[in-house]
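Please read these points beside the coordinates.

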Amino acid sequence: MLNLDKLQSTGKKATRDGFGAGLKAAGDAHDNVVMLTADLRGSMKSEDFINAYPDRFVQCGISEANMIGVSAGLATAGKIPMATTFANFATGRVYDQIRQSVAYSDKNVKICASHAGLTLGEDGATHQILEDIGMMRMLPGMTVINPCDYNQTKAAVVAIAEHHGPVYLRFGRPSWPVFIPEDQEFVIGKALHLNAGTDVSIFATGHLVWYAIEAARELAKEGISVDLINIHTIKPLDEAAVVASAKKTGAVVTCEEHNKYGGLGSAIAECLAKHAPTRQEFVATDDTFGESGEAEELLEKYGLGVKDIIAAAKRALGKA
Amino acid sequence: MADIQELKRIASQVRRDIIRQVYLCQSGHPGGALGNTDLLVALYFAVMKHDPKFNMDAKGEDVFFLSNGHISPVWYSVLAHAGYFPVEELKTFRALNSRLQGHPTTHEGLPGIRIASGSLGQGVSAACGVALAKKMDGDDRTVFVLTGDGEQQEGQIWEAALFAPHHKLDNLVLIIDDNGQQIDGPTREVLRMGDFGEKYAAFGWDVMRMDGNDLEQTIKTLQEAQAKRNGVPTCIVMKTEMGQGVDFMVGTHHWHGKAPNQDQAQKALTQLEETLGDFPAEGI
């Protein structure tokens, strides 16, 4: 069982590097794993896989719609295609291709999307998608996963290769603390309990998990005990874990690098409204686009910082 | 392979099935379905190696993708007569709880369908994917994909048109139904496409041309494309007449997406010989 003391950063690595490592591992394990990209092999940190398996690498050029369709065809023929590009181009740009050729057609395609959210940084709002979890979550049958660090991303890639069905895997660009133990089991659809607490539940996904850990440490100093849960799989949601925690604490905070509409916060609100109505605070972008800047200063400006999580926890507890 | 007279008998029955399917549900797209009947009969009864027991991955088989999914009644009829599912099931076309959706889908488990189509422009990419997988697996069978001519206005088509020659998919045959019609009118008036052959040649494809309503020529051209392995994909620009086989439906976009009434359906059926037996249905 993990706890706040055990969750220490062992250094910084990007989740996209975790993708690259996981892709190589998945490629080693399954000879039908194929990687596709739309002119972003470097950004996807996939050189180890490409060098090891050049015949299973498909360069599509800047043609994302075609890449999704080619992936659907490869899956039809029994391959496990991993279609890779930036999250904006992997979802919004090709929503109908994913909807018809992948989701509705029940294709075993893995959409692996880097540079999600504000932490993409300097490229700015055109590339900083904050709506992708919502879009992908609405597609029937789609599994949606947003891992939180290098180790979890690597484990997630191996897991999705073994899972039959369409998956949206969302990760990011910046170097980020690595804190999930390397041998931590990754189970699609099963929440990861990071710290047992009694006063407030914090559900976090992606990069903000690290901030949630830091917030929980601060709250502990003030005598507030945080039940901290990492929701890496937003769909299917681990409803049992969400409901049990909310019933225990009676106060909920959700943290995500995504619009407050449609993402993790929405998913948990939908669950709790039905099974255990609970006061909830949303740490998410406030229905806005992003802008250029450095990753961490953007998170702070858009209300996704450690202090924002602490404040949200206090509001959820009626202390603000 | 059935002889040409037998193939023509199958085509006549398929055209009857199209009229009767569309009449029964009073919706659907008879024009393009009638125009492409000879092509699909040629593919499934003379050209392709395929297994009606249906294996999704199609290993060791030729594959057909229908990208312009709205002409589904012709595909359903051909698949049924080829043994993929019972011919009687054609009466459920577009009805509630049917496997024969308005546009083809894998979602209801209908044998013979490998991907959903309907939202246009996506089938060529999927066909590229299967052709690529066959290359990776050393499977030398051929992948055929049909698109409409209006469908060629979709941008994704041209992404795939770049992809296939770059990846040397000489096991891919794209057939463009160049009937010159789309829903809003003649293609040259809606959005002029120019000469498809010139365009595809410029993109690095081998180009062939055929009259898709001439069964013998269609079979010969398809077989030639199927046998070709020269590092280059093939585009067949296929002239057809929308509504072919029914005199008052020929050559006009008016029957692109419109069902005949009872009198019109009866009149159409008098022009199409019942050769293999009609599927049972009330009122027609």
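The numbered points below concern a predicted model.

1. Overall make-up of chain A. The secondary structure of chain A consists of twelve helices and 14 strands. The radius of gyration of chain A is 19 Å, close to the 20 Å given by the globule rule for 320 residues, so chain A is as compact as a globular protein of that length. The C-alpha trace of chain A spans about 55 × 40 × 35 Å along its principal axes.

2. Burial and contact order. In chain A, 62% of the 320 residues count as buried. Among contacts in chain A between residues at least 6 apart in sequence, 81% join residues at least 24 apart.

3. Helix α8 of chain A. This helix covers residues 208–221; at 1.5 Å a residue its 14 residues should span 20 Å, and its end C-alpha atoms are 20 Å apart, which agrees. Buried residues in α8(A) include A:L208, A:W210, A:I213, A:A216 and A:L219. Just after α8(A), A:G223 has a positive phi of about 85 degrees.

4. The interface. How many residues of chain B are in contact with chain A? There are 27 in chain B, and they meet 24 residues of chain A. On the chain B side, α5 (123–137) and α6 (155–166) each supply at least two residues. The largest share of that side, ten residues, comes from α5(B).

5. Composition of the chain B side. By class, the side of chain B that touches chain A has 14 nonpolar, nine polar and four charged residues.

How values were computed
Residues numbered from 1 in each chain as written. Chains lettered and ligands numbered in written order. Predicted model: local features only at pLDDT ≥ 70, side-chain atom pairs only at ≥ 80, totals over all residues. Contact = placed C-beta atoms within 7 Å. Helix = DSSP H or I, 4+ residues; strand = E, 2+ residues; numbered from the N terminus. Nonpolar A, V, L, I, M, F, W, Y, C, P; charged D, E, K, R; others polar. Expected span 1.5 Å × (residues − 1). Buried ≥ 20, exposed ≤ 12 C-beta atoms within 10 Å, placed from the backbone. Rg over C-alpha atoms; globule rule 2.2 N^0.38 Å.
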